[in-house]
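Have the sequence and the 3D view ready, and try each task before reading its solution.

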Amino acid sequence: MTRLRITGGAVHDPANAIDGDVRDICIENGRIVASLPADAPTLRVDGMVVMAGGIDIHAHIAGTSVSLGRRLLPEEHALDPTLAPPLDGGSIPRSGTGGTVPSTFTTGYRYAGLGYTTVFDAAVAPVAARQTHAELDDTPIIDGGFFALLGNDEYLHRQIASGELARAKDYAAWILRSTGGYAIKIVNPGGIELWKQNVREVKTLDDPVGTSSVTPRRILEVLAGAANELGLPHPVHIHCNNLGVAGNVAMTLDSMRALQGRRAHFTHLQFHSYGGERGKSWSSAARQVAEYVNSHPEVTGDVGQVMFGDATTLTADGAVEYLLHTSTGRKWINSDIELETGCGIVPYSYKEKAAVASLQWVVGLELFLLSNDPWRMVLSTDHPNGGSFMSYPDLIRLLMDRAYRDEKLKSVNQKMLAGSALADGIAREYTLNEIAIITRAGPARQLGLAAKGHLGVGADADITIYSRDTDYAKMFSTPRYVLKAGTLVVEEGQLRRAPAGKRIFVKPGFDDTLLRDLGKYFEAYSSVRLANYSVTGLRDAPVPTRDA
Amino acid sequence: MSEATRIEENVTCLGCGCACDDIAVVIGGARIREARNACALGVRWFGDGSLPGAIAGGRSAAIEDVLREIATLLRSARAPLVYLAPDLTCEAQGAAIAIADQLHAFVDGVTSSTSADGILAAQRRGRASATLGEIRNRADVVVFWAVDPAASYPRFQSRYAPNPVGVYLPQGRRDRTVIAVDVGAQRGPDDADVRIQMTAEEEQLFLASLRASLAGRALGSQSIAARVTELAARLNKARYAVVVTDAESPPSVPSGRADSLIALTQSLNATTRCALCTLRAGGNRNGADTVLTWNTGFPMAVDFSRGAPRYTPENAAGARLAHGEFDAALLVGNTSAIPTVVRAALGATRIVVIGPRASESTLSAQIRIDTGVAGIHESGMALRLDDIPLPVRAVLPTPRDTASLLEALGSAIAAQGVGP
């Protein structure tokens, strides 16, 4: 289908300041155009809600750690076999399995079925990037990209230790180029390397990582600086130290202050917004974090909401997973990866009757409800860590429907909720436009994707159309129509087509004198030849960086 | 060499799971003349690179006709098997799995016959592991549990551990303690610093006692107490210990070794750091497990007969073949590397082979199409034994590319109608 006029729907396109106006959206050759001839095919969507396709800024869907997680969960997959959908022409439909870490084809189909058309994998070990690309190739419909892990990398730490900051920046650029990544990811800066050295706790941003010249603070500063100097469309994407630990809000705020005035994205902030004291008490510190973000426009974040039910915790932050394994007795994967990063996986269930899970649920909702600027605090569950992406519709209902939220709040464990803002009552209900911001326009702006997240002329024709329902969970779980690059992939609520998605990546420039030094390092320490490191053959065009 | 030669550098060898990627392959006269840096096993795996290029047994010589014929044969089967033999790229493995999905077939590979124990144990317990680069740079105590890599993984010690210099081991071998654990006739390396011996019958008790000792509990048996205490002390003193075990030659009698070694290495992380390293043989075996996992959620023995993946590791290809469950089989890859128990049971099944030297296969196959070997004639991705993905590169032309051929077969099957 090369042309289509979508007519009669209420358009929610906050990037273009359109809030529910009934207007036509015209599509030609996969993009949105200003107008079409009168005889162009028409899709009538009277009474429905029209938004850009959803964008997931932070999920774990493709790569070695995700597939280690899949392999760990046969019992979950056995409970959720998924038949190949009946598709029209073109691609051969594929079966799969679901659960919290679905197989690749099922991941693509399910995201599209929810109206999501772009997804970023948030944590890829650079050395294993080619597998992420292979898995994304097998994840249909959605456009995909990933963030390359760089906060615990031996070569980077060496550059910081010796004050070679230009080379550190060149290395970051080289990593993104050679992996086909989109942004720089830091997980527990320095803490993964320390875990490998059997040091299990990072107490302050100034703890030494091997040497006193390498600290979490320096790693944050150097990589935030590199991302900004390279003009990357998305700033450095930070998973702070001490995830999931009582009292970690101090570290989170210290990290934000360390980068004050510089663009930075802080991810799954729910997991980093706890008051209290390690081993003693827990409380919500969402208000402090929300207030900091509210008053610092250079900061963006996503929430990492916890949703009750099964999850799989899956992260580069290996030390955390060891703690979770010992505290829950659940099975545990750890993989230390090539002087670059780590990986830990533990299946988990968030239960309403559990005090900590209930606190986490409340902290996430407070971050949403206390943040003034939805453009800078967007929706995520850190899929599958806080819950599956399949729970997004229910999360949207919690944000839009106070009565539903308050009813739910009564059913959760109250032990740690004293004094929390949500327990005291928050009246705010998200509007449809605010939902459009936190699920598409905001992520697109944070990611620097000019052609995504909106319905203006020139945008990719990734469009989701919902039938109105007072039950917002129902409304957002079953879109009536989804278009991906102008192709109708969901019609009348049924998945009908599954075109391949595109890859979203950057190719920043770097000074290639780096390669001489890097070559020596590879020769001395790497188990892979430098010549075999880089991913080749990416077909799509890179997203430009400011330096390019 | 008088003829013109060229050298392909940094070639990845799939002779075993080590996947050494520093091979310089010397080509002359369309033959491999030399595989520099390769071990004896690697040299054998590369061979001279010559291959037949036939299409045998079809009613026509035209590949399109033969693919249609195969599609008809497979679609008419009540219970087809798709079997992933070694020497395939991940791309070819993926294409074969897609066909199994289309056909509602059963798909499996060598893992279920050779290495299922370790995979099932890891699905019960998880696993504490590390990639080979991490082991190379960090492991100061290296335990070879009933394996001497010299025979089947010849360059493991020189490339990964214990020999190389590492970031935290500036003096290489001298900074490491190598412990050989001999279990009956399964011996560790001869040049180990410490040797601990036990009979096969003692192994389980030893492992249980070792875990008890590390947990500070009393030992089970006086007869092994001294050996247990010694090993426990050395493991506890390690900064970063690695236990290396061979997933391809488990004890002949099910012994629980895989399960116990996982539990041991996980529990050591309470006090120090420890990883388990499981050795896998060649031909991209980890690739088959992983590609199957991302496609279906399961690493082996996947049954699509109900339209969606079901996991039946207790009833894998070998057992099903022995029961005569399949009426057709598509064997993809190097059929000479298919385990004997599977080969022997293929008997009465109608067979199609697509792989290197298919035309020379001794299996009684109806149709045989020669393709190339991953990493010699075909490019793509393969996984090292630690699941690190590496590029593999064609250094010689392939008769026909397996992945492309399988995609064409998938289209031919689709063209004959949706669903079986």
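**Exercise 1.** Work out the strand order of the open sheet in chain A, and find its edge strands.

*Solution.* Keep in mind that this is a predicted model. Begin with the order: the open sheet has eight strands, E8-E11-E12-E13-E14-E15-E18-E22 of chain A, and their pairing is parallel. Now look at the ends: strand E8 (54-59) and strand E22 (377-378) of chain A are the edge strands, as each pairs on one side only. Next, step inside the sheet: strand E11 (residues 116-124) and strand E12 (residues 143-149) of chain A run parallel and are joined by five bridges. To check this by eye, pick A:Phe120, whose bridge partner in E12(A) is A:Gly145.

**Exercise 2.** Turn to chain B and find which strands pair with E16(B), and in which sense.

*Solution.* Take strand E15 (residues 328-332) of chain B to start with: E15(B) and E16(B) pair in the parallel sense over five bridges. Here B:Ala328 stands opposite B:Arg350 in E16(B). Then take strand E17 (residues 367-370) of chain B, which runs parallel to E16(B) and is joined to it by four bridges. In this pair, B:Ile354 has B:Ile369 of E17(B) as its bridge partner.

**Exercise 3.** Explain why strand E16 of chain B is largely enclosed by the rest of the structure.

*Solution.* Count a residue as buried if 20 or more other C-beta atoms lie within 10 Å of its own. Go through residues 350-355 of chain B: five of the six are buried, so strand E16(B) is largely enclosed by the rest of the structure.

Conventions:
Residues numbered from 1 in each chain as written. Chains lettered and ligands numbered in written order. Predicted model: local features only at pLDDT ≥ 70, side-chain atom pairs only at ≥ 80, totals over all residues. Buried ≥ 20, exposed ≤ 12 C-beta atoms within 10 Å, placed from the backbone. Helix = DSSP H or I, 4+ residues; strand = E, 2+ residues; numbered from the N terminus. Pairing = 2+ DSSP bridges.
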